[in-house]
Amino acid sequence: MTQLEDLVARVERWAALDRVAEPLARAVGRAVQPAPARDVLSGTVIGHPLHPLLTDVPIGAWTMAALLDLAGGPGTERAADLLVAAGVAAAVPTAATGLNDWSDTQGADRRIGLVHAIANSAALTCYAASLAARLQGRRGAGKALALAGYGCVTGGGYLGGHLVYARGVNVNRTAWRRGPRRWTDVLADDELAAGAPRRVQAGSVSVLLVRDGNRIDALDSVCSHMGGPLEQGSIDGGCVTCPWHGSVFRLADGAVVRGPATAPQPGYETRVEDGRIQVRRRP
Ligand code: FES
């Protein structure tokens, strides 16, 4: 383990952070309760998490500003100032989407996310001060503050990457879950009561079965958002609501009706043969 990995592991275990993280996450969770706002901040409306997409804007702008500050010369000063300002403006919605995602995390992920947010907030503060200094003609101070901000945003970016690529936060939890290609026997037909969700095993995947009259719908039982158990969710209006963060999926095809999930649930075909329910992956 490298020293950097060791440092990150210590942050993951640093339980004292929970004293700040827990109430802050609850407050953020309350603030993003309205479904339309949550769907926008989560990226549900575009079918992809919004936060990683937005982070490219301030990081890109500030990277170019750093290059111009260090090697651009007097002719590029206005361009550098503009890039610093663009990064500051873009950092605000980027932070809002990040806070929304972070409010759904737990434990070590939440601690890392808190430090990630602190580092990026420090970066934003440095860049806002840098912009003010530049506008006052104090270019040396503006460059120094921008350089400090770049150090902070680089550290924050490292932790953001760690959250996604090392810890799997906000990745589609069903991406590798395929289900059986052939009809697979999962349950006796008379064991599935109408409206009562049931979790069954179909080959290597677990499947949620829901009966509505003669119709039987089948979706992957692991919520695509963060792995919540859909068989423990509520069924209403042809949809299932995840018990963890309230994502709503249409039972007929797994489409996301409400976020924070951004990826649909894999759905399965069903049939009844000789009194047994069978499922298979959709072609
Ligand atoms: S795990 Fe978050 S909505 Fe299902």
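Modeller: Start with the terms. Helices are DSSP runs of H or I with at least four residues, and strands are runs of E with at least two, numbered from the N terminus. This is a predicted model.

Colleague: How many helices and strands does the chain have?

Modeller: There are seven helices and 10 strands.

Colleague: How do I read the overall form? What radius of gyration does the chain have?

Modeller: Set the value beside that of a compact globule. For 283 residues, such a globule would be near 19 Å, but this chain has 24 Å. The C-alpha trace spans about 80 × 35 × 35 Å along its principal axes.

Colleague: What percentage of the residues in the chain is buried?

Modeller: A residue counts as buried if 20 or more other C-beta atoms lie within 10 Å of its own. Buried residues account for 40% of the 283 in the chain. Now take contacts between residues at least 6 apart in sequence: 58% of them join residues at least 24 apart.

Colleague: On to strand pairing. In which sense do S2 and S3 pair?

Modeller: Antiparallel, over five bridges. S2 covers residues 198–202 and S3 covers residues 205–212. Alanine 202 has valine 205, in S3, as its bridge partner. The hairpin has two residues between the strands, and glycine 203 takes a positive phi near 65°.

Colleague: And the cores? Which residues touch the most other members of the largest nonpolar core?

Modeller: The general idea: in soluble globular proteins, nonpolar side chains tend to be buried together. In this model, the largest nonpolar core holds 26 residues. Val186, Val207, Leu208, Leu209 and Ala218 touch the most other members. Strands S1 (184–188), S2, S3, S4 (215–220) and S10 (276–281) each give two or more residues to this core. S3 gives the largest share, five residues.

Colleague: What is valine 186 in contact with, leaving aside its neighbours within four places in sequence?

Modeller: Its contacts are Val200, Gln201, Ala202, Val207, Ile277, Gln278 and Val279. There is also a second, separate core of 24 residues, including Ile59, Ala80, Val88 and Tyr127.

Definitions and conventions
Residues numbered from 1 in each chain as written. Predicted model: local features only at pLDDT ≥ 70, side-chain atom pairs only at ≥ 80, totals over all residues. Rg over C-alpha atoms; globule rule 2.2 N^0.38 Å. Buried ≥ 20, exposed ≤ 12 C-beta atoms within 10 Å, placed from the backbone. Contact = placed C-beta atoms within 7 Å. Pairing = 2+ DSSP bridges. Core = buried A, V, L, I, M, F, W, Y, C linked by C-beta atoms within 7 Å.
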